[in-house]
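A short report comes after it.

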Amino acid sequence: MGSMRLLVVALLCAFAMHAGFSVSYAQLTPTFYRETCPNLFPIVFGVIFDASFTDPRIGASLMRLHFHDCFVQGCDGSVLLNNTDTIESEQDALPNINSIRGLDVVNDIKTAVENSCPDTVSCADILAIAAEIASVLGGGPGWPVPLGRRDSLTANRTLANQNLPAPFFNLTQLKASFAVQGLNTLDLVTLSGGHTFGRARCSTFINRLYNFSNTGNPDPTLNTTYLEVLRARCPQNATGDNLTNLDLSTPDQFDNRYYSNLLQLNGLLQSDQELFSTPGADTIPIVNSFSSNQNTFFSNFRVSMIKMGNIGVLTGDEGEIRLQCNFVNGDSFGLASVASKDAKQKLVAQSK
Ligand code: HEM
Ligand SMILES: *[C@@H]1O[C@H](CO)[C@@H](O)[C@H](O)[C@H]1NC(C)=O
Ligand SMILES: *[C@@H]1O[C@H](CO)[C@@H](O)[C@H](O)[C@H]1NC(C)=O
Ligand SMILES: *[C@@H]1O[C@H](CO)[C@@H](O)[C@H](O)[C@H]1NC(C)=O
Ligand SMILES: *[C@@H]1O[C@H](CO)[C@@H](O)[C@H](O)[C@H]1NC(C)=O
Ligand SMILES: *[C@@H]1O[C@H](CO)[C@@H](O)[C@H](O)[C@H]1NC(C)=O
Ligand SMILES: *[C@@H]1O[C@H](CO)[C@@H](O)[C@H](O)[C@H]1NC(C)=O
Ligand SMILES: *[C@@H]1O[C@H](CO)[C@@H](O)[C@H](O)[C@H]1NC(C)=O
């Protein structure tokens with residue numbers, strides 16, 4: 001049965017090539033690595049599952065990496081590139097610096113994948129897969145992850161500063177930021193549900209706690225009970241930057257509590273609460289619907305994550321399959337920066 005199907009696919013491909021169609025994989029497909037890396041999902045799952053025991057936040061951090069990758073020159077692994085002579089790393093952009101996490105786990109995943117399927121799976125695809133596994137591990141929906149992305153040869157820090165939405169954005173700005181990516185209002189409300197898990201630093205919402213928009217008062221759309229909790233956690237003039245759960249009711253679970261929090265004015269970031277507290281907004285009925293029905297949220301999340309994962313992808317012979325996710329292949333600076341001698345030897349061996 002399986003081999004029959006394989007034969008049919010092979011024949012179809014042969015036909016396509018003979019007929020002179022250009023084989024240009026313009027579209028991603030969930031079966032992209034079925035023959036070349038059949039155990040890809042269990043391998044990625046294993047690494048994330050293991051990491052989650054010592055770091056319950058890792059799934060959230062990995063999902064955010066995929067988002068921050070896709071919004072900057074497409075889902076092309078550009079966020080993973082480190083500084084070199086020629087790369088201005090996106091990791092140093094304002095929305096990323098001292099904030100993005102999980103880069104080491106992505107490298108662990110890449111190493112495990114390279115060990116089974118050398119020179120085959122892109123770093124951009126690893127981020128897309130990791131985001132889906134993060135959802136499932138948190139108790140959220142799974143979906144068939146379209147694959148076949150290629151990795152970029154460039155990064156763009158300016159674009160990262162420009163395209164990634166800020167936590168103090170109002171609804172108009174949030175919608176505009178998503179529209180640039182071809183994402184609509186439903187996608188905005190749905191994907192903001194990613195804040196059902198993970199953490200945020202005081203610096204991302206302290207503007208709401210003491211002197212909101214120079215009013216001398218806190219944000220009026222912030223629950224007063226929650227306000228006191230947050231003020232204790234984030235004192236004025238503090239010298240550090242404490243972390244707080246993005247979802248105060250179920251911090252590590254992927255569920256629809258993010259939306260019911262908004263109904264009680266318990267959204268953490270201004271950008272979260274805007275979705276429910278902007279007077280007359282078309283986002284309010286969507287928040288209401290997701291808060292009352294988790295399945296509705298989950299089915300929309302599947303659709304919007306796939307949509308986000310399609311932004312500006314490189315396919316076919318565009319870009320490359322990076323051997324080490326932090327560096328473009330052949331970057332001697334990158335090779336030199338790989339700390340372990342073992343890893344370096346492996347990298348050299350693999351590039352032959
Ligand atoms: C709508 C606009 C969005 C804004 C303004 C925003 C902003 C933020 C901010 C400020 C943080 C805290 C970062 C820190 O303090 O280090 C954060 C965390 C997070 N964001 Fe968003 N975000 C948005 C959309 C999204 C989307 C679309 C997703 C994924 C689908 C997402 C997933 C996450 C996750 C999972 C975390 C927690 C990460 C961790 O714990 O490491 N966010 N976001
Ligand atoms: C890449 O940069 C990050 C900091 O953004 C650092 O933690 C990591 O060690 C670097 N990776 C390599 C392979 O140099
Ligand atoms: C980064 O993106 C900006 C805005 O699209 C563009 O003007 C600039 O040329 C890009 N820089 C690089 C290094 O690609
Ligand atoms: C949102 O913010 C922008 C930029 O600060 C501002 O021009 C606009 O008036 C704001 N919109 C609303 C509805 O508050
Ligand atoms: C709030 O901020 C504004 C502008 O920085 C300032 O003039 C005002 O005194 C502040 N109010 C309080 C109560 O701190
Ligand atoms: C914070 O620092 C400002 C001066 O920078 C001072 O006026 C204010 O009283 C301080 N607030 C607290 C709560 O310590
Ligand atoms: C961190 O939070 C604790 C309360 O949970 C508070 O006592 C401490 O001052 C905070 N530190 C900073 C740097 O905000
Ligand atoms: C504030 O949050 C609490 C639960 O944390 C809730 O009982 C209360 O109704 C909320 N207040 C408002 C105004 O929504």
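What follows is a brisk tour from the whole chain to single residues.

This is a predicted model: local features need pLDDT of at least 70, side-chain atom pairs count only at pLDDT 80 or more, and totals for chains, interfaces and linings use all residues. Residues are numbered from 1 along each chain as written, chains are lettered from A and ligands numbered from 1 in written order, and side-chain values use heavy atoms, without hydrogens and water.

**The whole chain**

The chain has 15 helices and two strands. These are DSSP runs numbered from the N terminus: helices are H or I with at least four residues, strands are E with at least two. Of the 352 residues, 50% are buried. Buried means under 20% relative accessible area, exposed means over 50%, and partly exposed lies in between (1.4 Å probe, protein chains only). A contact means heavy atoms within 4.5 Å. Among contacts between residues at least 6 apart in sequence, 73% join residues at least 24 apart.

**The iron site**

Which residue is the only protein donor of the iron atom of ligand 1? It is H195, through NE2, at 2.0 Å. Donors are N, O and S atoms within 2.8 Å of the metal (3.2 Å for Na, K and Ca); water is not among the atoms, so sites may look incomplete. H195 sits in the loop between α8 (185–192) and β1 (199–201).

**The annotated site**

An unreviewed UniProt entry gives the annotation "binding site" to D69, V72, G74, D76, S78 and E90. They spread over 22 residues of sequence yet cluster in space, with a largest C-alpha distance of 12.9 Å. UniProt positions use the numbering here, feature names are shortened, and annotations may be inferred rather than shown by experiment.

D69 belongs to helix α3 (residues 58–70). Leaving out residues up to four places away in sequence, D69 touches G74, D76 and S78, among others. V72 lies in the loop between α3 and α4 (103–116).

**A residue of helix α5**

L137 lies in helix α5 (residues 123–137). Is L137 buried or partly exposed?

| Residue | Relative accessible area | Class |
|---|---|---|
| D69 | 0% | buried |
| V72 | 0% | buried |
| L137 | 33% | partly exposed |
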